[in-house]
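Have the sequence and the 3D view open as you read.

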Amino acid sequence: MKTIPLQPIDEPAVTCSTCAACCCQLEVMLITDTGVPERYIDTDEWGGEVMLRLDDGWCAALDRDTMMCTIYEKRPLICREFEMGAPECIDERQGIATAYR
Ligand code: SF4
Ligand code: SF4
């Protein structure tokens, strides 16, 4: 007999569409050239290139109305490899009380 796992009712499914782009507040180092526009690039204290973050903590390339990446096709490697539902993702979602909309 096949058992179908049930999603607990009070636990929202982990998906970017119900998340306030929590991972886009993390520091993102640019370790490869993916074509990120210069205006979104900052320099960290060791001289390395990172994504510019604004005063509210979110990445400068994030659209604040849609909470989606405006440079998705050119986003850094680290952003491409950040896996939805992975432990790091769950940690980030729990860190922001307004993550679930
Ligand atoms: S923290 Fe997880 S669910 Fe939220 S935007 Fe990032 S990958 Fe998606
Ligand atoms: S480049 Fe895009 S995916 Fe990466 S942190 Fe910024 S807004 Fe998020």
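Two residues are said to be in contact, or to touch, when they have heavy atoms within 4.5 Å. Keep in mind that this is a predicted model, where local features need pLDDT of at least 70, side-chain atom pairs count only at pLDDT 80 or more, and totals for chains, interfaces and linings use all residues. Residues are numbered from 1 along each chain as its sequence is written, chains are lettered from A and ligands numbered from 1 in the order in which they are written, and side-chain values use heavy atoms, with hydrogens and water left out.

Now the overall picture. The protein chain has two helices and four strands, and reading along the sequence gives β-β-β-β-α-α. These are DSSP runs numbered from the N terminus: H or I with at least four residues for helices, E with at least two for strands. Of the 101 residues, 28% are buried, where buried means under 20% relative accessible area, exposed over 50%, and partly exposed in between (1.4 Å probe, protein chains only). Among contacts with a separation of 6 or more, 52% link residues 24 or more positions apart.

Let's zoom in on R75, in the loop between β4 (68-69) and α1 (77-81). R75 is buried yet has no salt bridge, and the nearest side chain of opposite charge, E73, is 5.8 Å away. For a salt bridge, a side-chain nitrogen of Lys or Arg has to be within 4 Å of a carboxyl oxygen of Asp or Glu. (Lys and Arg count as positive, Asp and Glu as negative; His and the chain ends are not counted.) What R75 does have is a side-chain polar atom 2.7 Å from the backbone oxygen of Y72. Leaving out residues up to four places away in sequence, R75 touches T34, C69 and R80.

Next, go to M68 in strand β4. M68 counts as exposed because its relative accessibility is 53%.

Finally, which residues make the nonpolar surface patch of about 250 Å²? They are M29, I31 and I78. Such a patch joins nonpolar side chains (Val, Leu, Ile, Met, Phe, Trp, Tyr) within 5 Å, from residues with over 30% relative accessible area and no salt bridge. M29 sits in the segment before β1 (41-43) and is partly exposed, because its relative accessible area is 39%.

How values were computed:
Patches are made of residues with over 30% relative accessible area and no salt bridge: like charges are joined within 9 Å, nonpolar side chains (Val, Leu, Ile, Met, Phe, Trp, Tyr) within 5 Å. Accessible areas come from the Shrake-Rupley method with a 1.4 Å probe; for residues, only the protein chains shown count as cover. A polar contact is a pair of N or O atoms within 3.5 Å; within protein, one must be able to donate a hydrogen and the other to accept it, and residues adjacent in sequence count only if both atoms are side-chain atoms.
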